[in-house]
Amino acid sequence: MIVKNFIEPPIDNNNYLIIDEESKEAALIDCSANDNDIRAELKAQGAVLKYILLTHGHFDHIAGLRPDFNIPVLMHKNDLGWVQKVNQYLPMMGMPEMTVPKIDKYIEDEEIIKLGNTEIKVIHTPGHTQGGVCFYTDGKLFSGDTIFREAVGRCDLEGGDFDQIVESIETKVFTLPPETVIYPGHGRMTSVEWEKEHNRFL
């Protein structure tokens, strides 16, 4: 599997383009900006974008969604409220308002999404938001804002719950193989093994 990271201002979100090397089917995990670099990478790889997968509904992870994409957008239903009020938050960051995105399919815990022969497992990890999910495939966990390197997602916004995020991480993230590489929604990569030893919040 090919993984490319595109870091988008103003909050330096990580947007991950993952490509199944055999089928050349691709998914974009989170969509913070309508980025020409992502399109250029798809073209360079000869890949076709099949899905946009959202780890959660906060404005900085969905601000790049546009009505003309014609790519299915998948998200957990419990974060629909965040999507619907995206324009309450964009102006606070000096970002233009957008057309409220349409969610094409709601995903559930342990659901499998396929890119060619690559299977992507949905792991529901509420705590940062109630609809927060991670995506697990090929020894890699795309964790959104559930867990960062030596930190966890903030829990002081609507739907946040610190005890819940700790439970999500301990029962769903930390049960993955220790060598699992974690690709967070912000900041640099880490691993399950490293976080078990060094994450001061857990």
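1. Buried means a relative accessible area under 20%, exposed means over 50%, and partly exposed lies in between, computed with a 1.4 Å probe on protein chains only. This is a predicted model, in which local features need pLDDT of at least 70 and side-chain atom pairs count only at pLDDT 80 or more, while totals for chains, interfaces and linings use all residues. Residues are numbered from 1 along each chain as its sequence is written, and side-chain values use heavy atoms, with hydrogens and water left out.

2. H56 sits in the loop between β4 (48-53) and α2 (59-62). Helices (H or I, at least four residues) and strands (E, at least two) are DSSP runs, numbered from the N terminus. With a relative accessible area of 1%, H56 is buried.

3. Leaving aside residues up to four places away in sequence, H56 touches several others, including D30, H61, M75, H128 and D145. Contact here means heavy atoms within 4.5 Å.

4. The structure holds 0 disulfides, a disulfide being a pair of cysteine sulfur atoms within 2.5 Å. For C31, the nearest cysteine sulfur, that of C134, is 19 Å away. C31 is buried, at 2% relative accessibility. For C155, the nearest cysteine sulfur is also that of C134, 13 Å away. C155 is buried too, at 18%.
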